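The structure comes first and the description follows.

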Amino acid sequence: MNTQFKKGALELCVLSQLTHGDKYGYELTERILDLMSIASGTLYPILRKLKEEDYVTTYLVESESGPARKYYRLTDKGRQYQAEVRKEWDEFVDAVNQLIKG
Amino acid sequence: MTKAEYMEQLQKKLDRFGRELKEEIMEDYRQHFAEGQKQGKSDEEIIRELGNIEEMIRELDEADKENAREGNDPGQAESGFHQYAWPYRAVELECDAADIELERSADGQVSIWYEIPGSDTINRRLVFYQREEGDVLYAGIKENKQKTKGILESIRINKEWFRLGNPVLKVKLPEGLERLSFSTSSGDVCAQGISVDTFLGNTASGDVTMKEASAKQIQLKVASGDLELTGIRAVGLKVNSASGHIEIEDAKTETAQVSTASGDIEIEDAKAQTAQISTASGDVDLKGISADDLSVESASGDIAACAEVKKCHCGAVRGDIDLKATGPAEQISVNAVRGDIYLTLEGAGGMKAEVAAHYGTAHISWAGECKKVSAGTYTFGDGSCRVEASTRSGNLEISG
C-alpha cells in the first residue's frame with residue numbers, strides 16, 4: 001500500500017481513538033494492533049508528530065506499578081482536524097466503494 | 001532477541017537523531033514493555049508487537065524531511081503586487097492550476113499581480129515566482145508537490161480549489177515585446193488587447209480566451225480546453241486543440257492554420273491569404289470568410305462554409321459538405337466519400353465542372369435550369385471557374 005496513504009489513514013485512526021477520551025500509548029497501540037497488522041513501534045513517531053503539530057498534548061499520570069503513563073489528549077485544533085479528515089475519508093471511501101461496484 | 005538487546009539496538013539506531021527525540025522514543029518503548037509485562041505478555045511477544053525498529057526509524061526520517069521542507073520554504077504564496085521597469089525582450093508565464101489574465105499596460109511597465117483566494121492550507125503549497133534572466137522576465141504560480149502530503153491532502157486541496165476558485169496571475173504588458181509565452185495545466189487564460197511580435201501559448205485542460213490581439217505570429221495549443229479568439233490581427237495564426245472547440249471571430253491574417261482532433265471549429269468574419277482548417281471528428285462551420293486559398297478537411301464531421309475564395313478545397317470522409325463560394329472563384333475542389341455535397345457558386349461568371357457521384361446522383365443547375373448529370377465534364381457560362389466535385393456514396397448538387 002502507498003505509504004503516504006497508509007500514514008494518513010493511521011493518523012486518522014489515532015486521532016479518532018482519542019475523540020473517545022484520553023489514552024496512554026500502550027492502550028492506543030493495542031487497540032489499533034487488534035485490527036491492523038502494523039508494527040506498534042511506528043505509532044510512536046506518528047504520535048510525536050501529532051504533538052508537534054499541536055493536534056494532541058500529553059500529560060503524565062503516576063501508576064501504582066512501573067513508570068508513569070504518558071496520556072495523549074486531543075486539542076481543540078486536533079478535534080477540528082480529525083473532523084475534517086474524517087469527512088474527507090468518508091467521502092473518499094464512498095467514492096471508492098461506488099467505483100468498485102462498477 | 002532479549003529485551004535488553006532490542007533496547008540496545010533501538011538506542012544505537014536513534015543515535016543520529018537529537019537527544020530529546022531519542023530520549024522520548026526510548027521512554028515510549030520502555031513504557032510499552034512495562035505495560036505489556038503487566039498484561040502478562042512475554043518480552044518476545046512485546047518485541048514482535050513493537051516490530052521492526054527500522055520501520056519506525058523510517059517514520060521518523062519522513063517526519064524530519066517534512067520539517068526540513070517546511071523550514072526551507074522558498075517563499076509563501078500570498079496575494080501581492082510587483083512592478084517591473086520596461087524594457088524586456090520577452091515574458092514567460094507558467095501556471096499549473098492557476099489562471100492567467102493578460103492585459104495591455106497603460107504606463108509602459110510590466111506589472112504582475114497574484115491573487116490567491118485560498119486558505120492557508122492551499123497557500124502554503126503554492127509557490128509563486130518572478131525572476132529575470134537577461135532581458136527575459138519569468139513569472140508563475142506553481143504547486144509545490146513535495147509539500148503535499150499524501151492522498152488525503154491532495155483531495156483536500158483539490159476540493160478547496162474547486163470551492164474557492166483558482167489562484168490568478170494577472171499581468172499587464174506594454175506593447176512591443178518580442179515574445180510572450182504562457183503555459184498552464186488546468187488554469188484558464190484570458191488575454192485582452194495584447195500586442196507583441198510572437199505570442200505562444202499552451203494549456204492542458206485550461207480554456208484560452210483572446211480578445212483584440214495583434215502579433216506577427218500567434219501560436220496556441222490546448223489539449224482539452226476550448227479556444228475563443230476575437231479581434232485577431234496577425235501575420236501567421238496557428239491554433240490547435242485536441243478535444244476542445246475552437247471559435248474565431250473577426251480575424252485578419254496572412255496565413256491561418258486551425259486544427260482539432262475531436263472538437264468543432266467555428267469561424268466567422270475572417271480574412272486570410274491562405275487558410276487551412278482541419279478536424280478529425282468535429283464539425284466545421286465557416287461564415288463570412290475571405291481567403292485566396294482555403295482548405296477545409298474533416299474526417300467524420302460536416303463542413304458548412306460560406307466564403308469568398310479564389311481557390312478552395314473541401315474534403316470530408318463521412319460528413320456532408322455545404323460550400324457557398326462567393327466572389328470570382330477560380331478553382332474549387334470538393335471531395336466527399338460517404339457524405340453529400342452541396343456547392344453554390346455566387347459571383348463566378350461560369351464554370352467548367354468535372355463531376356462524379358459514383359453511387360449517388362449528381363445535379364447541376366445553372367441560371368435556373370437544373371439537370372441530372374452523370375460523371376463527366378460540363379461547361380456553363382464563361383467557364384472561368386474550374387470545379388472538381390466528387391463523392392463516392394453521397395449525392396452531389398452544384399448550382400450557380
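## Helix packing in chain B

Helix 1 of chain B and helix 2 of chain B are roughly antiparallel to each other, because angles over 145 degrees count as roughly antiparallel, those under 35 as roughly parallel, 65 to 115 as roughly perpendicular and the rest as oblique. The axes of helix 1 (residues 3–13) and helix 2 (residues 19–38) of chain B cross at roughly 165° and come within 11 Å. Axes are lines fitted to C-alpha atoms, for helices over the stretch in contact, with angles from 0 to 180 degrees between N-to-C directions. Helices (H or I, at least four residues) and strands (E, at least two) are DSSP runs numbered from the N terminus.

The crossing of these two helices of chain B is right-handed, that is, the near helix is turned clockwise from the far one by less than a right angle. On helix 1 of chain B the contact is made by Lys3(B), Met7(B), Leu10(B) and Gln11(B), and on helix 2 of chain B by Met26(B), Tyr29(B) and Phe33(B). Residues are in contact if their C-beta atoms, placed from the backbone, lie within 7 Å. By class, this contact has five nonpolar, one polar and one charged residues. Ala, Val, Leu, Ile, Met, Phe, Trp, Tyr, Cys and Pro count as nonpolar, Asp, Glu, Lys and Arg as charged, and the others, Gly among them, as polar.

The model is predicted: local features need pLDDT of at least 70, side-chain atom pairs count only at pLDDT 80 or more, and totals for chains, interfaces and linings use all residues. Residues are numbered from 1 along each chain as its sequence is written, while chains are lettered from A and ligands numbered from 1 in the order in which they are written.

## Contact between the chains

Chain A places 25 residues in contact with 25 residues of chain B. Helix 3 of chain A gives the most to the chain A side, with five residues. That side of chain A has eleven nonpolar, eight polar and six charged residues.

## Strand pairing

Two strands pair if DSSP finds at least two bridges between them.

| Strands | Bridges | Sense |
|---|---|---|
| Strand 12 (residues 227–241) and strand 13 (residues 246–252), chain B | six bridges | parallel |
| Strand 13 and strand 15 (residues 265–279), chain B | six bridges | parallel |
| Strand 2 and strand 3, chain A | six bridges | antiparallel |

Leu227(B) stands opposite Ile246(B), and Ile248(B) stands opposite Ile267(B). In chain A, Val61(A) has Arg69(A) as its bridge partner.

Key. Contact = placed C-beta atoms within 7 Å.
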